[in-house]
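Please open the structure in your viewer and keep the selection tool at hand.

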Amino acid sequence: MQDKDREILESFKSDPEQAFRLMFDTYYMPLCVYVVQLADSFTAAEDIVQETFCYFWEKRYYERVQGSLRGYLFEAVRHATLLYLRKNRLVSMEELSEEPVEFPEEAVDQEELARQEERLREAVGRLPRQEAEAVRLVIMESRRYREAAERMNVSVNTLKSYLGRALKKLRKEHNLLLFFC
């Protein structure tokens, strides 16, 4: 189990609200990026991840997580995404591409990480200016939507549109997993 997971799970024992905030801040965006690979919709990805977090909180699943919190959350959103797709009679991007979408491994070689980061920078650099800026602010710098939108001088909805288009393009180039490292 990662140190961050251990810290979050221990925090749930003494201060559940603070632990939930830390869990949300740590995993919200990586989970959204993961789900958009399956559902091909950033808006749907956000809804699925938010609902998963709400369910996790309401049912007090933090008391039952035995292994990796990270692994649990990725599996939970994967399951929720597949249910969403089935309910809405949609096909997952995994089925369309015939390539499995896996969540990233926890340990990454530092040299490989440096190569991946460089490939990611290059891929983001090929995006249109606004899309690249949305990725940089929201994902790479972990800024909130409102703050990122203000910095870009656009509405939050416009920011989300830029981000959604950028993530689709990066997914097509198989660069989304690099956000998790």
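Begin by selecting Arg21 and Asp25, whose side chains meet in a salt bridge at 3.0 Å, N to O; the term stands for a side-chain nitrogen of Lys or Arg within 4 Å of a carboxyl oxygen of Asp or Glu. Both residues belong to helix α2, where being four residues apart separates them by about one helical turn; helices here are DSSP runs (H or I, at least four residues), numbered from the N terminus. Arg21 counts as partly exposed at 35% relative accessibility, and Asp25 is likewise partly exposed, at 45%. Buried means under 20% relative accessible area, exposed over 50%, and partly exposed in between, with a 1.4 Å probe and protein chains only.

Before going further, note that this is a predicted model, in which local features need pLDDT of at least 70 and side-chain atom pairs count only at pLDDT 80 or more, while totals for chains, interfaces and linings use all residues. Residues are numbered from 1 along each chain as its sequence is written, and side-chain values use heavy atoms, with hydrogens and water left out.

Next, select Asp3 and Arg6, which form a salt bridge at 3.8 Å, N to O. They lie three residues apart in helix α1, about one turn of the helix. Asp3 is exposed, at 61% relative accessibility, whereas Arg6 is partly exposed, with a relative accessible area of 42%.

Now move to Glu131 and Lys169, where the closest N and O atoms of another salt bridge are 2.9 Å apart. Glu131 is in helix α7 and Lys169 in helix α9, so this pair ties together parts that are 38 residues apart in sequence. Glu131 counts as buried at 5% relative accessibility, while Lys169 is partly exposed at 34%. In total, the structure holds nine salt bridges.

For the last stop, turn to the largest nonpolar core, which has 51 residues; such a core is a set of buried Ala, Val, Leu, Ile, Met, Phe, Trp, Tyr and Cys residues joined through side-chain atoms within 4.5 Å. Select Phe12, Met23, Met29, Phe53, Leu69 and Leu163, the members that touch the most others. Helix α2 gives the largest share of this core, 15 residues. Finally, centre the view on Phe53, which, leaving aside residues up to four places away in sequence, touches Phe20, Met23, Phe24, Tyr27, Tyr28, Leu31 and Leu73, a contact being heavy atoms within 4.5 Å.

Key: Helix = DSSP H or I, 4+ residues; strand = E, 2+ residues; numbered from the N terminus.
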